[in-house]
Amino acid sequence: MGAESPPKEPSPKIVIVDESPIRAAILEEGLREAGFTGVVHISEMQSLLQRIYALDPDVILIDLENPSRDVLEQMFQVSRAVRRPVAMFVDQSDAASIQASVDAGVSAYIVDGLKKERIKPILDLCISRFNAFAKLQDELDRAKSALEDRKVIDRAKGILMKLKGLTEEEAYVLLRSTAMREKKKIGEIAQSILTASELLK
Amino acid sequence: MSTPLHIGFIPLIDAAALIVAVDNGFTKAEGLDVTLAREVSWSNVRDKLNIGLFDAAHLLAPVAIASSLGLGHVKVPIVAPYNLGLNGNAITVSQALHAAILREVEGGNPFDPMASALALARVVAARRKSGAEPLTFGMTFPFSTHNYQLRFWMAAGGVDPDEDVRLVVLPPPYMVESLANNQIDAFCVGAPWSSIAVDLGVGHILHFVSDILLRAAEKVLAVRQGWSERNQEVVAALVRAAFRAAEFIEQAENRAEVARILSHPERIGVAADVIQRTLDGRLKISPDGTMRENKNYLLVGREGAARPDPVQAAWLYAQMVRWGQAPLSPVALEAAMAVFRPDLYDAALGAAPTPGFVSNVVGAFAGPAFDPSDIAGHLRAFAIGRWKA
């Protein structure tokens with residue numbers, strides 16, 4: 001240890017600008033696991049530029065749903081207010097990287113001076129974590145709608161049981177066979193039963 | 001077969017022609033199946049247009065030029081076959097700054113931009129003397145009409161925008177809140193944000209941009225140059241649809257319907273009456289209810305507003321040079337002017353330029369008449385600037 005290991009470059013300072021605390025935490029964790037120790041999360045958009053200047057980061061990561069992205073564009077300008085100008089976000093020729101990061105919903109701003117080869121792993125990690133978060137969100141949404149469906153189906157079953165004197169099992173079979181015949185989802189058939197029963201009340 | 005298109009926009013009233021073209025069926029009539037995407041930042045609109053996620057976009061005219069010149073970001077040539085509007089911005093100031101400027105105008109006409117700019121210079125000098133923090137002005141983007149209009153106005157009065165005050169980028173939806181909590185003292189932004197500040201009692205509209213420049217290209221319908229060459233028929237159809245929509249919007253009897261379409265939460269998402277006031281050029285400028293009317297507040301299509309004017313592009317490029325964003329070069333000037341494409345507009349509409357309006361005019365309140373063939377000579381007439389000849 002110590003004498004044997006090559007001199008390590010200090011970990012670049014990374015700022016994550018994201019109003020979603022969960023996503024920021026997922027990204028921060030990933031970056032720390034990968035050995036990037038200097039990670040700070042900013043969730044408050046007021047005086048964003050001053051906060052960033054105070055931290056003086058090498059890399060700034062921001063989600064694309066954040067209107068404050070335009071605030072960061074100011075850092076491209078050479079002016080008295082800008083201490084260290086931001087360089088091109090990735091290599092001009094690296095269209096695939098730009099595409100992947102826009103698809104993932106994240107943008108990276110690299111402050112002048114950071115070497116290109118040190119940016120790539122940060123950006124790749126960022127893209128994969130953002131995609132993982134989107135997948136998680138999607139699964140959560142689907143689970144929520146499945147739960148909604150089940151509630152609707154239960155109420156529709158209740159109506160069928162009462163009106164047609166069916167057992168719960170028979171009510172469900174009727175819903176399912178109708179859905180198959182009409183090429184619709186069970187949830188949709190159940191919803192139309194609820195609507196009809198509202199109307200006929 | 002209709003052509004599917006994805007078009008990005010920022011929820012501002014100068015996206016009216018694009019939104020009405022889609023929502024009122026003008027694009028469909030041209031065989032286009034347009035999906036509009038509401039965006040949150042100009043950076044997003046620019047990037048998504050550049051990489052092809054958008055086929056076209058509602059874009060700040062200077063961003064189209066900056067992208068074509070490779071300023072500040074990736075170089076992607078953009079062309080504008082259609083101008084979505086002239087003017088439409090306003091300079092809005094806090095209650096305190098408004099009172100200070102009125103005191104310094106000393107009975108002069110506060111709607112006269114030279115009088116207000118000189119008054120601002122006196123306010124700035126007094127603040128410096130008393131050791132107060134410099135005034136902070138919000139604008140929407142480094143390459144924005146708002147940035148250049150604010151700078152042009154205050155510099156005419158002797159205020160150096162880089163030395164005497166702070167200019168900061170703020171997303172339009174945050175402008176009003178920032179003015180209310182004293183983070184900024186003033187802002188220049190497109191409608192409806194100034195009206196919202198006035199309605200909430202936190203700001204006064206000091207100037208319509210038409211006080212500063214008679215005709216200022218604001219947003220364009222932007223497409224990638226390469227794409228436009230491969231899709232000439234689609235570009236022409238899009239121009240025709242936007243043109244018909246602008247005609248529809250400019251008919252006074254359609255205004256209520258237009259305002260209703262634009263007020264939809266998926267579109268601009270603000271109250272229909274604020275939108276209608278803006279389109280009518282009749283704005284409440286003070287929380288006390290004072291109204292001001294100016295037919296030039298926002299020109300969506302009338303008086304040749306929709307036809308891209310390369311002189312406007314040259315003026316915007318000259319501002320980039322003046323404030324140190326772009327080097328002065330004949331090649332860059334030519335490239336900037338080539339972004340605005342009246343030829344594509346004329347080809348789409350199969351018509352010669354509408355007679356009876358004055359084009360090729362910027363009509364600034366200060367300095368000599370703009371001459372695109374002598375940018376250096378033009379800029380030398382202005383005392384304040386960051387450029388090197």
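Just after helix 1 of chain B, the residue B:Gly25 adopts a positive phi of about 85°, where helices (H or I, at least four residues) and strands (E, at least two) are DSSP runs numbered from the N terminus. The model is a predicted one, in which local features need pLDDT of at least 70 and side-chain atom pairs count only at pLDDT 80 or more, whereas totals for chains, interfaces and linings use all residues. Residues are numbered from 1 along each chain as its sequence is written, and chains are lettered from A and ligands numbered from 1 in the order in which they are written.

Helix 1 of chain B, residues 16-23, is largely enclosed by the rest of the structure, because seven of its eight residues are buried. A residue is called buried if 20 or more other C-beta atoms lie within 10 Å of its own, exposed if 12 or fewer do, and partly exposed in between, with C-beta atoms placed from the backbone. The buried residues of this helix are B:Ala16, B:Ala17, B:Leu18, B:Ile19, B:Val20, B:Ala21 and B:Val22. B:Ala17 and B:Leu18 are also among the residues with the most contacts inside the largest nonpolar core, which has 176 residues, and B:Ala222, B:Ala242 and B:Tyr317 are the others named there. Such a core is a set of buried Ala, Val, Leu, Ile, Met, Phe, Trp, Tyr and Cys residues joined through C-beta atoms within 7 Å. Helix 12 of chain B, residues 232-250, supplies the largest share of this core, 11 residues. In soluble globular proteins, nonpolar side chains tend to be buried together.

Not counting residues up to four places away in sequence, B:Tyr317 touches B:Ile65, B:Ala326, B:Ala332, B:Leu333 and B:Ala336. B:Leu36, which is found in strand 2 of chain B, is buried, with 20 other C-beta atoms within 10 Å. Once its neighbours within four places in sequence are left aside, B:Leu36 is in contact with B:Ile7, B:Phe9, B:Ile19 and B:Val22.

Chain B as a whole contains 18 helices and 14 strands, and 57% of its 389 residues count as buried. Its radius of gyration, taken over C-alpha atoms, is 20 Å, and this agrees with the value near 21 Å that a compact globule of 389 residues would have under the rule of 2.2 Å times the number of residues to the power 0.38. The C-alpha trace of chain B spans about 70 × 45 × 40 Å along its principal axes. Of the contacts in chain B with a separation of 6 or more, 76% are between residues 24 or more positions apart.

One open sheet of chain B has five strands in the order 2-1-3-11-4, with mixed pairing, two strands being paired if DSSP finds at least two bridges between them. Its edge strands, each of which pairs on one side only, are strand 2 (32-38) and strand 4 (78-83). Neighbouring strands of this sheet are turned by 30° against each other on average, direction ignored. Within the sheet, strand 1 (residues 3-9) and strand 3 (residues 56-60) of chain B run parallel and are joined by two bridges, and B:Ile7 stands opposite B:Ala56 in strand 3.

Chain A has an open sheet of four strands, in the order 2-1-3-4 and again with mixed pairing. Strand 1 (residues 14-17) and strand 3 of chain A pair in the parallel sense over four bridges, whereas strand 3 (residues 59-63) and strand 4 of chain A run antiparallel and are joined by five bridges. A:Leu61 is the bridge partner of A:Ile16 and stands opposite A:Ala108 in strand 4 of chain A. Strand 4 (residues 106-110) of chain A is mostly covered, with five of its five residues buried: A:Val106, A:Ala108 and A:Ile110 lie on one side, and A:Ser107 and A:Tyr109 on the other.

The contact between the chains takes 24 residues from chain B and 22 residues from chain A. Helix 3 (42-50), strand 8 (166-169) and helix 8 (172-180) of chain B each supply at least two residues of the side of chain B that touches chain A, and the largest share, five residues, comes from helix 3.

Key
Contact = placed C-beta atoms within 7 Å. Axes fitted to C-alpha atoms, helices over the stretch in contact; angles between N-to-C directions.
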